[in-house]
Amino acid sequence: MRHHVSRVLPYSPDQLCDLVGDVARYPDFVPWITTMRVDRTRDLGEGRSSLFAEASVGFSFLKERFGTEVLRDPAARRIEVSLVSGPFKRLHNSWAFRPHPSGCEVIFDIDFEFKSKVLDLLLKANFGIAVDRLIACFESRARALYGPARGAAAPSALRSAAPGEA
């Protein structure tokens, strides 16, 4: 399943790229991420880095752990996440942060499939809502870290679409 979200937030691209790139802090503000272990951080030169992140997630009916490789490229204002291990057959997501007159356009794309067809069907039914909630967690964290926007327009309406709807 693929999902795309684009949202304009009243913060700088660098602030939001730093926020999303700080994966070790996700348990502080994403309620369903219960723990995060980060290791094997490598400097790739020119400000780029990669790391291994293992997240434990908990929902009412699901408790799982999965590992990803995270590639952070602050100069390009991009973050790429690829599956290493866990309950997914396929998982890739990317974040891009583009300058916008009102702050930053955040673009989030995710493509995933669970190994379990039952789990895949259960989560796909409400996945758009879950992605929207995830983006709201990051927006709330930005407000907590950087304060309310001054003189900038309020965030634009969330634009979220499954394939073929964008």
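These legends walk through several close-up views of one predicted protein model. Residues are numbered from 1 along each chain as its sequence is written, and side-chain values use heavy atoms, with hydrogens and water left out. Because the model is predicted, local features need pLDDT of at least 70 and side-chain atom pairs count only at pLDDT 80 or more, while totals for chains, interfaces and linings use all residues.

**View 1**
Let us start with the overall layout. The protein chain has three helices and eight strands, where helices (H or I, at least four residues) and strands (E, at least two) are DSSP runs numbered from the N terminus. Followed along the sequence, these elements come in the pattern β-α-β-β-β-β-β-β-α-α-β. Of the 166 residues in the chain, 45% are buried. Here buried means under 20% relative accessible area, exposed means over 50%, and partly exposed lies in between (1.4 Å probe, protein chains only).

The largest pocket has a volume of about 910 Å³. Its lining comprises 38 residues, and the closest to the pocket centre are W32, F59, F66, F127 and L134. On a 1 Å grid over the protein atoms alone, a pocket is an open set of points with protein on both sides within 12 Å along at least five of seven lines, whereas a cavity is a set where a 1.4 Å probe fits but cannot get out; lining residues have an atom within 4 Å of a point. Grid points are joined across faces, edges and corners, and a volume is the space filled by probe spheres set on the points. Elements that each supply at least two residues of the pocket lining include β2 (33-45), β7 (103-114) and α2 (117-124). Helix α3 gives the most to this lining, with seven residues. By class, the pocket lining holds 32 nonpolar, four polar and two charged residues. In this count, Ala, Val, Leu, Ile, Met, Phe, Trp, Tyr, Cys and Pro are nonpolar, Asp, Glu, Lys and Arg are charged, and the others, Gly among them, are polar.

A search of the whole structure finds one cavity of 30 Å³ or more. About 70 Å³ of space lies in the largest cavity. Which residues line the largest cavity? They are R7, L9, L16, L19, V20, W95, F97, V106, I135, F138 and E139. At least two lining residues come from each of β1 (2-9), α1 (13-21), β6 (88-100) and α3 (127-146). The cavity lining divides into nine nonpolar, no polar and two charged residues.

**View 1. A nonpolar patch on the surface.**
F59, F61, V118 and L122 form this patch, with about 390 Å² of accessible area together. F61 sits in the loop between β3 (48-58) and β4 (63-73). Patches are made of residues with over 30% relative accessible area and no salt bridge, with like charges joined within 9 Å and nonpolar side chains (Val, Leu, Ile, Met, Phe, Trp, Tyr) within 5 Å. Accessible areas come from the Shrake-Rupley method with a 1.4 Å probe, and for residues only the protein chains shown count as cover.

**View 2. Salt bridges.**
Side chains of opposite charge can pair when their charged atoms come close. With a salt bridge taken as a side-chain nitrogen of Lys or Arg within 4 Å of a carboxyl oxygen of Asp or Glu, the count comes to 13. One of them joins R77 and D14, whose closest N and O atoms are 3.1 Å apart. This pair links distant parts of the chain: R77 is in the loop between β4 and β5 (78-85) and D14 is in helix α1, 63 residues apart. R77 counts as partly exposed because its relative accessibility is 25%, and D14 is partly exposed too, at 41%. Another salt bridge brings D28 and R25 together, with 2.9 Å between the closest N and O atoms. The side chains of D39 and R37 also meet in a salt bridge (2.7 Å, N to O). Elsewhere, salt bridges that share partners join R2, K89, R90, D111, E113 and K117 into one network.

R40 is not a glycine, yet R40 has a positive phi of about 55 degrees. R40 lies in strand β2 and counts as exposed because its relative accessibility is 55%. E46, also not a glycine, has a positive phi of about 55 degrees. E46 is found in the loop between β2 and β3, and E46 is exposed, with a relative accessible area of 75%.
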